[in-house]
Every structure is written in structure tokens, then in C-alpha cells.
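Please read it with the sequence and the structure at hand.

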Number of protein chains: 2
Amino acid sequence: MTLVVVGSVGIDTVETPHGRAENVVGGSSVYFSLAASHFTKVRLAANIGSDFPDQAWAALRERGADLDGIQSFDDQPTFRWSGKYEGNMNEAETLLTELNVLAEPPAIPTSYVGSPFVFLANMGPDVQLQALETLKGKVVFGDTMNLWIDIQREALLRVMKRLDGLILNDAEARELTGQSNLILAGEALLQMGPDIIVVKKGEHGATLFTKDFHFALPAFPTKCVVDPTGAGDSFAGGMLGYLAHHKDLSPASLRRAMVYGTAAASLTVEAFSTQALTQATRKDLDERFEQLVHFVRV
Amino acid sequence: MTLVVVGSVGIDTVETPHGRAENVVGGSSVYFSLAASHFTKVRLAANIGSDFPDQAWAALRERGADLDGIQSFDDQPTFRWSGKYEGNMNEAETLLTELNVLAEPPAIPTSYVGSPFVFLANMGPDVQLQALETLKGKVVFGDTMNLWIDIQREALLRVMKRLDGLILNDAEARELTGQSNLILAGEALLQMGPDIIVVKKGEHGATLFTKDFHFALPAFPTKCVVDPTGAGDSFAGGMLGYLAHHKDLSPASLRRAMVYGTAAASLTVEAFSTQALTQATRKDLDERFEQLVHFVRV
């Protein structure tokens, strides 16, 4: 089944204890698509500038992704983000953000409308709502960030009422609900609209909440985290790619999808930018799936 | 099989966002024994003052624990600790420590010598080494804390060479090894002596390392953490109680033991002091075991 993702494409400069990567490929929709395209047909909608390198799309083209929704602007550069990770690298310090082409909402091709699965990557909730209404997807998941919780909370709450699933990190879950206990935060988020909540906890894994069951998974036991950028988007891509392919939101399917999301995220963080995720094969993901299942089996 | 624990008995004053408990029962060996005594015969060695309330031992007596190693001092008060937890309550701020009777090493009854399982709760490594040599236990696990890593590192390293298992928290694992990545820290700890390393991560669960396999378990999804004091000691008690009863250090047994440890810790944190753990039944532990297994099953 096709999976539409609407989100950002960026050119990033990242510094971590392992080194520095300048002007490399980034953006939520790119990480998401690279992970999801191992499982299902991905249709991507995002804005770029003429400075974005065409060869960055090679892996997605090979994996059959539909890039008709990539809108290129001649007169503006691509979105730029620069950040720095220190210590345990659980959180980036943002050094620079230049919205550039992100100031325009992404254009949704009519061929994307009615897609069974949709992921609204982190964008302003007003843009998410517009995309959601245009796309008329059957199952819609979304992401968000602390900025929108702070400055567009009402709009975000309106989006949440329309989402089937929300994937966010632990700090965002706490901020959005005012609950410091993550189990209570997860349950409070379920009351805000989505039937499925996934709280990502970086090196501590992720927890899934539905009204019928909860499921917790540790992170993959990665020995070398080079660059955490895109881990959360890769997680969402692996998870939703698996769900969209199997057209199945049963508890068993959701649990397995979480494992694939974790596998995808673990590949991402082992190299700068999208390097590891671009080179990874479906076999790599399947191997990590098996390793992770073994790692958590009681 | 009998399980000897050598450690502290204390009178604690604890403040958390849920309230304050003054002059309540505490101490590593008490929490450990209350959890372990649901599974196996516990023999406890620790020092107390004449101010320690005798009724605190009722639950352990009922569960068949051997208290011959409780050494009471008429001329000194019991060890006192006072601490405060804030925010996510992952770490206590110590407000007061009065060693009192802990200045003397615990006296080990000869009936304890040669016990198949031994747990050396958090004490100075010199005291741990002395107890270890006296006890001649077959399988010996230990705990430690940041203070000893700071001021008695060499002695601690000598103890570690003699341990079969070490149970410590994530900050201690990082400090002891100098590795910020916990997987690398776990592997480095295995090189320092013990065949089994358990790294406790508070609300993020625990990870077990052996040279043959690793195992990760999230914390029990507790909605109300009233007082985290003793969670780590209860974890160790549940885990070692299970292992001692089954005389089995196989991977399957170690995994199940971790689940029981987590179940015991989750009971502890739901009330102040040893209250919840004192009232808990084996059935409570078994129910949480089943819930946790379901919570993590892929």
C-alpha cells in the first residue's frame, strides 16, 4: 500500500563528538522515506531549492519512491539546519535554522490524494492540517516538536483530533500533557485524539500506547552513535512502512512495526546524515529485527 | 537455596513530590531481603542500634528469614539517611548521612558461611571484601555506589575480580568505565571480573550483560511513583531471590529473574519506605511478572 509523507528536506551541518558533517542531506521526510521505502511504495511531498543535490534521490528512486511531490524553487535555497550534539547526544543544540523554501506549504500532487497511509512529519500544525485535508488519507500519523507545542498549541490540538497515530519524543509528551510520568502522559495523549501514541525515548527506546494495550521496547544496543540526527524520523519511517505494507494495525503488527522502526533508527545513528540508511538493505533491517527480538525476549 | 545478604539497615527521612516520611525503615539489606524472601530463604547480616523498631522484622520473620546476623549495638544509633527527590525522581539529593553503627563491619554468623548465594549490598569495598572472604559463598553478587568509585576505586576493582555478578546503576557504570555508551560500559565491566553485569536505569528499566548475550527490559509501567528509595535493592532482591531458589544462572533464568526484580522494584516505589514491599504477596509479584512479560512481548 502506498504511504504518503509530507515534511521537510534539508541541508544540514552537524557536529557530534565523532566529528563534523557540513552541508549534508537531511530533513524529516528524507529520513522517513529512506526507512519506509524498504517496506512499501512511498510518495514524498516536500519543498527544495535549486541548491539541493539531485543525486540525493538516487536511493529513493531505486526503491521505487514517487517523487512527484518534490517542489523545486529556483529563487530560494533549501531549508538549512545546523546543530551540535554533546555528551550522551540525546538532544541537539540548534545553532541555525533557515526556513527558506519551507516558508511555502508543500504542494500535494492529486495522485497522492486518498492514499491509504499518510505521515505528516514535523511541520507547523496549520500546514499539517492543510495537508491532511487535501490528502484525505485513510490512516494518518503525525509528528510534532516542542516549538509547536509552545506557540501553536491550539492548532496542534486540532490536528491531533484528526490523527490516528502520533509519534513524539518523551520531552514533547511531557510538555504537551503536563504529566511527568510517561505512562500517564501516554494515556493523556490518547484522550487528545489519536488511537495510537508512540513515545520515543532516544537511547531508552520507545513505548506504544493504545486504549487496549501498552508495549515497551528498548533501543537497539548500538555501540557507536555517530550522529543521532534523523533517528526519530527513521523510526517513524520503518514503523509506518511496515504497517502500510501489511495494512494491519493489530497489536501484533504494531509491536513488530515498532521493532522495525527501532532497527531503522539504529542504522541511521551509526553514520552522519543519511549515509547508513542509504546504504542499508532490507536484509540489514531484517537482521536487526531478529537481534532486537532476541535482545528483549524473556 | 539460602541467600545471604550483607548490607545496611537504616532509619530514613524522605521527601518526594508526594509527601514526606520521617524516621521510617530503610537500608539496602532490608529492601533486598523483603523482595528476596518471597522466593528463597534469606539470611541477613547487618548492624542496628537499639533505636531500631523490632516490629520492622515481622514480615521477614513470617517469610522464614534468618536474622541471626542482625547485630544490635546498645551504645550507638542505627544508620540514618535523609534525602529528597524532585522532578522525575530518578536521583535522590542526600540531605544527611549518619553512619553510626555502620562504622563497624557486620558480624557474619558461622551458620552463614558457605551459603550457595551471597549478595554484598552497597558498602565500602573493603567491608565487602572481608564479608566475601568470610562467607565463602558459591555465587556472589555485589552492588556499589559513586562514592566508592570516587574514593576507593582500587579496592572496588579488587572486589569486582571476585564477584560473579555486579548490579549497579547507569551513572555508576559510566563513571566506573569512562564509557558514555551503556553497551560499551556493560562490556567494559565484564572485562573487570564479573560474568554477569546488570545496569539499572530507573524509569528506563535495566540491561543485563554476559559474554554470551545481552538482555534489556523496560521498567514496569508504574503510574504513581511515590518514593523511589530502595527500588534498586528490591530489584536485586527479587532477581537474586529467584536465581537462588532455582539454582540456575542460564540465560532463560537470568531473563526471568530480571523480570521478577523489576516487579519487586515497581511495588517498592508505589509507597513510602518498605510499606508496599512489606504488604506485597508472592501473588502480587507473579501478577506483575505476567503483566511485564505481556508489556514487552513482540
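To compare copies, they are superposed by least squares on the C-alpha atoms of residues with pLDDT of at least 70 in both. The model is predicted, and with that superposition chain B can be laid on chain A with an RMSD of 0.0 Å, by a turn of 180 degrees and a shift of 0.0 Å along the axis. That is the relation of a two-fold axis, and the same surface serves both copies, since 100% of the contact residues of chain B recur in chain A.

**Contact between the chains**

- The contact is built from 24 residues of chain B together with 24 residues of chain A.
- On the side of chain B that touches chain A, the elements that give two or more residues are α7 (182-190), β13 (214-217), α9 (251-268) and α11 (282-296) of chain B.
- Sorted by class, that side of chain B holds twelve nonpolar, eight polar and four charged residues.

**Overall form of chain A**

- Chain A contains eleven helices and 13 strands, and its radius of gyration of 17 Å is close to the 19 Å that the globule rule gives for 298 residues, so chain A is as compact as a globular protein of that length.
- The C-alpha trace of chain A spans about 55 × 40 × 35 Å along its principal axes.

**The sheet of nine strands in chain A**

- Nine strands of chain A form an open sheet with mixed pairing, in the order β5-β4-β1-β8-β9-β10-β11-β12-β13.
- The edge strands of this sheet are β5 (66-73) and β13 (214-217) of chain A, each of which pairs on one side only, and the twist from one strand to the next averages 15 degrees.
- Within the sheet, β8 (residues 117-120) and β9 (residues 139-143) of chain A pair in the parallel sense over four bridges, and V118(A) has V140(A) in β9(A) as its bridge partner.
- Helix α3 (residues 125-135) of chain A packs on the sheet, where it touches β1 (3-6), β8 and β9 of chain A, and the direction of α3 makes about 165 degrees with that of β8(A).

**The sheet of four strands in chain A**

- A further open sheet of chain A has four strands in the order β3-β2-β6-β7, and its pairing is mixed.
- At the edges stand β3 (19-26) and β7 (92-98) of chain A, each with a single partner strand, so one side of each is left without a neighbour in the sheet.
- Direction ignored, neighbouring strands of this sheet are turned by 15 degrees against each other on average.
- Strand β2 (residues 10-16) of chain A runs parallel to strand β6 (residues 79-85) of chain A and is joined to it by six bridges, with I11(A) standing opposite R80(A) in β6(A).

**Helix packing in chain B**

- Two packed helices are described by the angle between their axes and the distance between the axes.
- Helix α6 (residues 170-177) of chain B packs against α7(B) at an angle of about 65 degrees, with their axes 9 Å apart, and α6(B) passes α7(B) in a left-handed crossing.
- From α6(B) this contact takes D170(B), A173(B), R174(B), L176(B) and T177(B), while α7(B) supplies L182(B), A185(B), G186(B), A188(B) and L189(B).
- The residues of the contact of α6(B) with α7(B) comprise six nonpolar, two polar and two charged.

Note on methods:
Residues are numbered from 1 along each chain as its sequence is written. Chains are lettered from A and ligands numbered from 1 in the order in which they are written. This is a predicted model: local features need pLDDT of at least 70, side-chain atom pairs count only at pLDDT 80 or more; totals for chains, interfaces and linings use all residues. Two residues are in contact if their C-beta atoms, placed from the backbone, lie within 7 Å. Ala, Val, Leu, Ile, Met, Phe, Trp, Tyr, Cys and Pro count as nonpolar, Asp, Glu, Lys and Arg as charged, and the others, Gly among them, as polar. Axes are lines fitted to C-alpha atoms, for helices over the stretch in contact, and angles run from 0 to 180 degrees between N-to-C directions. A crossing is left-handed if the near helix is turned anticlockwise from the far one by less than a right angle, and right-handed if clockwise. Two strands pair if DSSP finds at least two bridges between them. The radius of gyration is taken over C-alpha atoms; the globule rule is 2.2 Å times the number of residues to the power 0.38.
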